[in-house]
Amino acid sequence: MAGTGSRPLSPHLQVYRPQITSVLSITHRITGIGLSAGLLLLVWWLVAAATGPEAYATVQGFMGSWLGLLLLFGFTLANWYHFCNGIRHLVWDAGYGFEMPSVYLGGWFVVGAALGLTVLTWLVALIVW
Amino acid sequence: MNSFRTPLGRVRGLGTANAGTQHWWQERVTSVALVPLTLWFVIAVIGLIGQPWEAVALWLSSPLSAVLAVLFVVVSFYHAALGLQVVIEDYVHSEGAKVALLLAVKFLCVLLGTAGVFSVLKIAFGG
């Protein structure tokens, strides 16, 4: 485009230092995509349960394998992150928490809560198992 | 050409992606619904870990569990379809690929969501 050479441009992602605000924002989107893919596991589990005991045992066998456990752990972590950060978004939607200290505090709180809920979920799961 | 149309008639439906705030608002409404539904589902599934098939059948034989499971599946897929649509619209700029991907995501969400709901109901109604 003519005449755009000397105009200041909005910084590109590649030259902008990653910050907790931008990192948490793109993580929300990535976990959203991951959770959508995770819904495949949910449907597989439900369809197998509706098919019968043998099909259900097959799914349970996969979920208990190292790959299944890894997927479920990622599913849990993505779920709690998207859950907590989603609530953070709802707070913003309601018009609160736009001051920079609140944005940073809320961001770190979401990271801590997501990790804490993931550990709690798996502790309870392993005790039940 | 448009002289016979009222100003309101000319602008109606010309908001974001010709749908105004509807998409954004539906995303919020489904996210609020998913807060209690997700908490309920995670707790319910933890109780089923290591249990045989009969435990799942017993769990979904309760009307409350079956209704909440149906809602969890439907609202999750609706929310996923809305979110994935925005991702595609943001990153896919070729019109043909964009429309094809949007259709694929919508069809997949409806197909998988229907499979999930049918499965829950089949177990709930006794296999």
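Trainee: What pattern does chain B follow, read along the sequence?

Mentor: This is a predicted model, in which local features need pLDDT of at least 70, side-chain atom pairs count only at pLDDT 80 or more, and totals for chains, interfaces and linings use all residues. Residues are numbered from 1 along each chain as its sequence is written, with chains lettered from A and ligands numbered from 1 in the order in which they are written. Helices (H or I, at least four residues) and strands (E, at least two) are DSSP runs, numbered from the N terminus. Chain B has five helices and zero strands, and its pattern is α-α-α-α-α.

Trainee: What radius of gyration does chain B have?

Mentor: The C-alpha trace of chain B spans about 70 × 30 × 25 Å along its principal axes. The radius of gyration is taken over C-alpha atoms, and the globule rule is 2.2 Å times the number of residues to the power 0.38. For a compact globule of 127 residues the radius would be near 14 Å, but chain B has 20 Å.

Trainee: Which helix gives the largest share of the side of chain A that touches chain B?

Mentor: Contact between two residues means that their C-beta atoms, placed from the backbone, lie within 7 Å. By that rule 24 residues of chain A are in contact with 25 residues of chain B. On the chain A side, α1 (20-51), α2 (53-64), α3 (66-93) and α4 (100-128) each supply at least two residues. The largest share, 11 residues, comes from α1(A).

Trainee: How are α1(A) and α4(B) set to each other?

Mentor: Axes are lines fitted to C-alpha atoms, for helices over the stretch in contact, and angles run from 0 to 180 degrees between N-to-C directions. α1(A) and α4(B), residues 63-91, pack at about 135° with their axes 10 Å apart. Angles under 35 degrees count as roughly parallel, over 145 as roughly antiparallel, 65 to 115 as roughly perpendicular and the rest as oblique. The two helices α1(A) and α4(B) are therefore oblique.

Trainee: Which residues of α1(A) make the contact with α4(A)?

Mentor: Within chain A, the axes of α1(A) and α4(A) come within 10 Å and cross at roughly 45°, so α1(A) and α4(A) are oblique to each other. From α4(A), the contact takes Val103(A), Tyr104(A), Gly107(A) and Val110(A). From α1(A), the residues are Ile20(A), Thr21(A) and Leu24(A).
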